[in-house]
Every structure is written in C-alpha cells, then in structure tokens.
Amino acid sequence: MTAGALQDLASELKVLHKALLSEGRRAFEAEHGPVGGALHLLHLLVHEPAFAWLRPLSELMADLDSLLALESSPNSDEQGDLRAELEELLSPANSGLWAALTAFIQSAPDVAGAYARVRQILASLPKPAAKSKTAGP
C-alpha cells in the first residue's frame, strides 16, 4: 500500500467522521435544542458525554494524521497494526461507536457510503502480523 492510499484512508475517515458528527448533532438537537454553532459543537464533541462515542475515532484520526506527517512511510507491519486498530474501533467491541454507527448507517446514506469506502480501503491494507504467543513460566 502506498502513502497515497493511506492519505485516501485519512480523507475517507474525515468524511465518515463529519457524517457521524452531523447525525450525532441532529440527535443531540432533537433532545436538547439547537447547537449554537461550530465552536459550541466542538465544545460538545470534546466535553459532552452524549458525544463520547465519537471521541475514539477523532483520536485515531489525529494519530493517523501524525503518522502521515512523518518523513518515512509506514511499513507493512505498521500498516497492518493500523488496520487492526481501525477494525477493532469499527466493530461491536467498541459498543458506543458501533451502536451509533449501525443506527446511522441505516438512517443516513452519507454515513453508509462513507463507512463502505473506509471498509474498502481497510481491506486493501496489509493484514496484521500474527502475534507470537510466548510460553508462560
């Protein structure tokens, strides 16, 4: 996988994040009233428990951006580790994000499309290296 493909992944994750944030905002506004603007929304995203489910994706995106800013491209093992981390994040193992993601996939075509594109790019990443099992004492 080339650095360009990792850039594509970062871009598609941003599209997915934006779509999830938009749907999360709609749900929040339905319960709490209008959000005052972009700065208020950012504050909610960082501090409001109702948006806690989205924070792990935000953090992973920041980590990916930092990785892409390095001079050397991630090697195959690093790409496999990234794939494993994203697959775990976008799975039922992450119950908060998974619940919101599956609900919004069913109700919001932009979330469904972005999720499908992220999954397609993830499938092109190298598979994670098998972790060796060490014998116990």
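Glu29 and Arg25 sit four residues apart in helix H1, so about one helical turn separates them. They form a salt bridge, with 3.1 Å between the closest N and O atoms; the term asks for a side-chain nitrogen of Lys or Arg within 4 Å of a carboxyl oxygen of Asp or Glu. Both are partly exposed, Glu29 at 26% relative accessibility and Arg25 at 25%. Here buried means under 20% relative accessible area, exposed over 50%, and partly exposed in between (1.4 Å probe, protein chains only). Helices are DSSP runs of H or I with at least four residues, numbered from the N terminus.

A word on the model itself: it is predicted, so local features need pLDDT of at least 70 and side-chain atom pairs pLDDT 80 or more, while totals for chains, interfaces and linings use all residues. Residues are numbered from 1 along each chain as its sequence is written, and side-chain values use heavy atoms, without hydrogens and water.

Now turn to helix H4, where Arg83 and Glu87 are also four residues apart, about one helical turn. Their salt bridge has its closest N and O atoms 3.0 Å apart. Arg83 is buried at 10% relative accessibility, whereas Glu87 is partly exposed at 27%.

Another salt bridge joins the side chains of Asp65 and Lys14 (3.3 Å, N to O). Asp65 belongs to helix H3 and Lys14 to helix H1, so this pair ties together parts 51 residues apart in sequence. Asp65 is partly exposed at 34% relative accessible area, and so is Lys14 at 40%. The whole structure holds five salt bridges.

Definitions and conventions. Helices (H or I, at least four residues) and strands (E, at least two) are DSSP runs, numbered from the N terminus.
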